[in-house]
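These are my notebook entries on one structure. I set down what I looked up and what I found.

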Amino acid sequence: MSDRDADPDATATGASSSGVATAQEFYSRWARVYDALATYGPGVSTLRERTAAALDLAPGDTVVEMGCGTGANFAYLRERVGSSGTVVGLDFSPGMLAVARERVAREGWANVHVARADATRPPVRGADAVVASFVSGMLADPAAAVDDWADLVGPGGHLALLDLARSTRPEARPLNALFHGLVLAGMPSKRPADLSAATELLDRRVVAAQNALRGRCDDATYSTHALGFARLGAGTVR
Ligand SMILES: C[S@@+](CC[C@H](N)C(=O)[O-])C[C@H]1O[C@@H](n2cnc3c(N)ncnc32)[C@H](O)[C@@H]1O
């Protein structure tokens with residue numbers, strides 16, 4: 001796996017090509033703003049730390065991050081695989097990858113590689129672990145993607161999924177309206193038909209991804225954080 005683009009014309013399985021193009025354009029345009037939020041947003045570093053810890057990585061491991069965006073997880077993953085391990089970040093948005101590449105160059109990480117690719121068709125043969133954070137909600141068929149990622153790591157490999165969805169905690173329910181607003185602001189498509197169902201669709205996709213992970217891992221763990229808005233699932237593939 002080199003850090004050159006693996007599949008520049010990547011299209012997400014099951015997603016319309018115009019939807020994919022809209023998402024890539026949106027994330028490319030907002031990459032720097034996204035990076036600031038993804039790196040310094042309140043509580044985000046704790047979530048990333050927990051997600052990396054849930055992967056149960058050992059020094060020398062190879063971990064693939066699907067939809068790595070600007071590489072905000074890289075430091076946490078690299079810390080666990082050490083200088084003898086490898087971190088591979090895949091994403092389909094050129095602007096996000098440009099920021100990720102800047103991050104890797106700035107830090108001088110020789111063992112972190114990024115490539116442009118469709119996370120639902122990753123050009124990677126094997127890995128010890130796969131992680132995806134804030135990505136399940138963007139996939140047309142997240143359960144199928146998680147299944148493929150489980151196949152990629154194989155028995156004994158680790159998976160971790162971190163996502164945001166509406167909170168089911170009674171004390172946080174009043175904040176779901178605010179969350180809905182944030183989801184709309186972060187939606188690549190502003191078509192009324194897409195916006196009206198956005199939060200429900202996000203919830204459904206996140207649940208589907210977590211269920212798929214549970215279906216492949218006997219020791220799956222699941223926890224919610226940030227008042228129940230963040231959902232973290234992880235496990236070892238059987
Ligand atoms: C909300 S951002 C999350 C970025 C990063 N994982 C993080 O934790 O900050 C979602 C990212 O997923 C990428 N993405 C969504 N669907 C993808 C797909 N099918 N293949 C590759 N990247 C995808 C987008 O380009 C975007 O960079």
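Predicted model: local features only at pLDDT ≥ 70, side-chain atom pairs only at ≥ 80, totals over all residues.

At what angle do helix 7 and helix 9 pack, and how far apart are their axes?

**Entry one: a pair of helices.** I looked up helix 7, residues 176–185, and helix 9, residues 198–216. They pack at an angle of about 90°, and their axes are 9 Å apart. Angles of 65 to 115 degrees count as roughly perpendicular, so helix 7 and helix 9 are roughly perpendicular to each other. I then listed the residues in contact: helix 7 contributes Phe-179, His-180, Val-183 and Leu-184, while helix 9 contributes Ala-198, Thr-199 and Leu-202. Sorted by class, this contact holds 5 nonpolar and 2 polar residues, with no charged residues.

**Entry two: the ligand.** I next asked which residues surround the ligand. There are 22 of them, and Tyr-34, Gly-67, Asp-91, Ser-93 and Ser-133 are the closest. By class, I recorded 13 nonpolar, 5 polar and 4 charged residues in this shell.

I found an N or O atom in the side chain of Ser-133 at 2.5 Å from an oxygen atom of the ligand. A backbone N or O atom of Phe-92 lies 3.1 Å from a ligand nitrogen atom. For Glu-65, a polar side-chain atom is 3.3 Å from a nitrogen atom of the ligand. Finally, I noted that the ligand on its own has 590 Å² of accessible area, of which the protein covers 98%.

Key
Residues numbered from 1 in each chain as written. Heavy atoms only, no water. Axes fitted to C-alpha atoms, helices over the stretch in contact; angles between N-to-C directions. Helix = DSSP H or I, 4+ residues; strand = E, 2+ residues; numbered from the N terminus. Parallel < 35°, antiparallel > 145°, perpendicular 65-115°, else oblique. Contact = heavy atoms within 4.5 Å. Nonpolar A, V, L, I, M, F, W, Y, C, P; charged D, E, K, R; others polar. Near = heavy atom within 4 Å. Polar contact = N/O pair within 3.5 Å; in protein donor to acceptor, adjacent residues only side chain to side chain. Areas by Shrake-Rupley, 256 points an atom, 1.4 Å probe, with all protein chains shown as cover.
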